[in-house]
Amino acid sequence: EQTIYGADVRWRPTERTVLEALGERRFFGTGWRLRFDHRMPRLAWSLAAGRDVATFPQAFLTLPPTDNVATLLNAAFTTRFPDEAERNRVVADLIARQGLPASLATETTLFSQRASILTSRTATVVLLGVRNSLALSAFASKREELPDSIFALVPTGAGNVKQQGASLTLSHQLTPLAAVNVTAAHTRVQGIGVDEGPESEQTSARFQLTRQLGPRSSGYVGARRQRFKSNEVVGVARDARESAAFVGLSHRF
C-alpha cells in the first residue's frame with residue numbers, strides 16, 4: 001500500500017495564455033507535468049515537459065500526436081474566428097491550400113515489455129504571415145528502465161534510450177491559387193546506460209507544389225528524399241536511402 005500525494009495547478013492570466021503544472025510523489029520518485037501555451041493573431045506556440053512511468057500496454061494503446069500543426073493554427077485563429085466549426089474549416093483550408101503537413105517531428109514510440117521512466121520535452125511554434133507560413137517542432141526524451149521492474153531481466157530490446165529531433169516546414173504563397181512548401185526533419189536515437197552503443201539517425205526533406213482547383217479540391221506534385229543510418233544491424237541494412245516523386249489530388253467533403 002502506498003499513498004500518492006501532489007498538486008495540480010492551472011493558471012490562465014489572459015484568454016491567450018494557459019499554464020498547467022502537475023506534481024506527484026509516487027513509487028518511482030517525483031512525477032510531474034508542465035505545459036505552457038500562448039497564442040497571438042499570427043503566432044502560436046506550445047512548450048511541454050514531463051516525467052512519468054511508461055509501460056507496454058500504455059504505449060500500445062496510445063496513438064502518437066498527428067495534428068500538432070492544426071492544433072496550433074486553430075489556437076492562432078481563435079480570436080479572428082470565434083465559431084469553432086468555422087475555425088476548423090479555415091484551418092483545414094489553409095493546410096490544404098499551402099500544402100502544410102498535419103504533423104511535425106515527434107518522439108518515436110518504442111515497444112518494450114518493460115516499465116520505464118519517461119522524461120520528455122517538446123516545443124512547437126507556428127508563425128503566419130501574409131504570404132509565408134512557418135512551423136517548427138523540436139523534442140527530446142529519455143526513457144530509463146525501472147531498476148526493480150519484474151521485466152528488468154527479460155531481453156525484449158533496448159529499455160534505456162534517448163531521442164532528439166526537430167522538423168521545420170516553410171510555405172510560400174506564389175499566387176492566390178498556388179503555394180510551395182519545403183519540409184525538413186531530423187531525428188536521432190541512442191542507447192544509454194546498460195544499453196549504450198546502438199545509435200540511429202534519420203533525415204528527410206520534402207518539396208511540394210500545391211494548386212487549388214476548386215473550393216474544396218486541390219492538386220499537388222512534389223519530391224522527397226530520406227536517409228536512415230544505423231550502427232547496428234537488426235535484420236536490415238545499416239544505411240538506407242529513398243528518393244521519390246509523387247502527384248496527387250485532394251478533395252474535402
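1. Valine 247 is exposed, since its relative accessible area is 70% and exposed means over 50%. This residue lies in strand S11, which covers residues 239-251. The structure is a predicted model.

2. Strand S11 belongs to an open sheet of eleven strands, ordered S1-S2-S3-S4-S5-S6-S7-S8-S9-S10-S11, with antiparallel pairing. Strands S1 (5-14) and S11 stand at the edges; each has a single partner strand, so one side of each is left without a neighbour in the sheet. On average, and ignoring direction, neighbouring strands of this sheet are turned by 10 degrees against each other.

3. As a reminder, strands of a sheet pair through backbone hydrogen bonds, and the pairing is either parallel or antiparallel. An example here is strand S2 (residues 17-26) with strand S3 (residues 29-40), which pair in the antiparallel sense over ten bridges. Within this pair, arginine 26 has glycine 29 in S3 as its bridge partner.

4. Valine 221 is found in strand S10, residues 217-230. Is valine 221 exposed, partly exposed or buried? Its relative accessible area is 41%, so valine 221 counts as partly exposed, the class between under 20% and over 50%.

5. Leaving aside residues up to four places away in sequence, valine 221 touches Phe207, Gln208, Leu209, Phe246 and Val247. Phenylalanine 207 is 14 residues from valine 221 in sequence, and their C-alpha atoms are 8.5 Å apart in space.

6. Val221 and Val247 both belong to a nonpolar patch on the surface, formed with Leu174, Val182, Phe207 and Leu209. Together these residues have about 520 Å² of accessible area.

Technical notes. Residues are numbered from 1 along each chain as its sequence is written. This is a predicted model: local features need pLDDT of at least 70, side-chain atom pairs count only at pLDDT 80 or more; totals for chains, interfaces and linings use all residues. Side-chain values use heavy atoms; hydrogens and water are left out. Patches are made of residues with over 30% relative accessible area and no salt bridge: like charges are joined within 9 Å, nonpolar side chains (Val, Leu, Ile, Met, Phe, Trp, Tyr) within 5 Å. Accessible areas come from the Shrake-Rupley method with a 1.4 Å probe; for residues, only the protein chains shown count as cover. A salt bridge is a side-chain nitrogen of Lys or Arg within 4 Å of a carboxyl oxygen of Asp or Glu. Helices (H or I, at least four residues) and strands (E, at least two) are DSSP runs, numbered from the N terminus. Buried means under 20% relative accessible area, exposed over 50%, partly exposed in between (1.4 Å probe, protein chains only). Two strands pair if DSSP finds at least two bridges between them. Axes are lines fitted to C-alpha atoms, for helices over the stretch in contact, and angles run from 0 to 180 degrees between N-to-C directions. Contact means heavy atoms within 4.5 Å.
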